Amino acid sequence: QVGSATATNTMTILSKRFHLGAPRGAHGEEPAPYSHLTGREMRDQVFAWSKYGCMEESAALHAAEVADMEDATTMVKDKVFVLLGATSELGPFHTLSRLGATIAAVS
């Protein structure tokens, strides 16, 4: 199935800032209070992961740029994203659509 639509017509736009979040624990317990990081705390965390070796330095630099953005929707403005396998659970469709991206999807 092939389709194309501007996601802003059908979905709520995400918060303009990105944040790191932690899932619930294995037994459903709430994440720790520090599990949602934005801005400076998010930058510090991605650089700590890079220093520890579990994240490439270049990935940390790009994640830090995203953490500093006041309006993350600018990343998708005036672009069309073509997604093959768009219905994949691990794909970027849901995040892109909540950011208001224009998506051409092939399921």
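Visitor: Over which residues does pLDDT stay under 50, and how many contacts does the model have for them?
Guide: pLDDT, the predictor's confidence in each residue from 0 to 100, stays under 50 over residues 1-11. For these residues the model has 22 contacts (heavy atoms within 4.5 Å) beyond four places in sequence. Where pLDDT is low, the predicted coordinates should not be read in detail. This is a predicted model, in which local features need pLDDT of at least 70 and side-chain atom pairs count only at pLDDT 80 or more, while totals for chains, interfaces and linings use all residues. Residues are numbered from 1 along each chain as its sequence is written, and side-chain values use heavy atoms, with hydrogens and water left out.

Visitor: Where is confidence lowest, and where is it highest?
Guide: Strand β1 (residues 2-6) is lowest, at a mean of 43, and strand β2 (residues 80-84) is highest, at 95. Helices (H or I, at least four residues) and strands (E, at least two) are DSSP runs, numbered from the N terminus. The protein chain averages a pLDDT of 78, and 67% of the residues score at least 70.

Visitor: Turning to α1, which of its residues are buried?
Guide: Gly39, Met42, Arg43, Val46 and Ser50 are buried in α1; buried means under 20% relative accessible area, exposed over 50% and partly exposed in between (1.4 Å probe, protein chains only). Seen down the axis of α1, these buried residues fall within an arc of 100 degrees, taken from the directions from the helix axis to the C-beta atoms, so they line one face of the helix.

Visitor: What does the cover over them include?
Guide: The cover includes α2 (57-68). On the face of α1 turned away from its buried side are the exposed residues Arg40, Lys51 and Tyr52.

Visitor: And Ser50, what does it touch?
Guide: Leaving aside residues up to four places away in sequence, Ser50 touches Met55, Glu56, Glu57 and Ala60. Its relative accessible area is 16%, so Ser50 counts as buried.

Visitor: What follows α1?
Guide: Gly53 follows α1, with a positive phi near 105 degrees.

Visitor: Which residue other than glycine has a phi near 60 degrees?
Guide: Asp78 has that positive value. Most residues other than glycine have a negative phi. Asp78 lies in the loop between α2 and β2, and is exposed because its relative accessibility is 74%.

Visitor: Last topic: which residues make up the largest nonpolar core?
Guide: Its 9 residues are Ala72, Val76, Leu83, Ala86, Leu96, Leu99, Ala101, Ile103 and Ala105. A nonpolar core is a set of buried Ala, Val, Leu, Ile, Met, Phe, Trp, Tyr and Cys residues joined through side-chain atoms within 4.5 Å.
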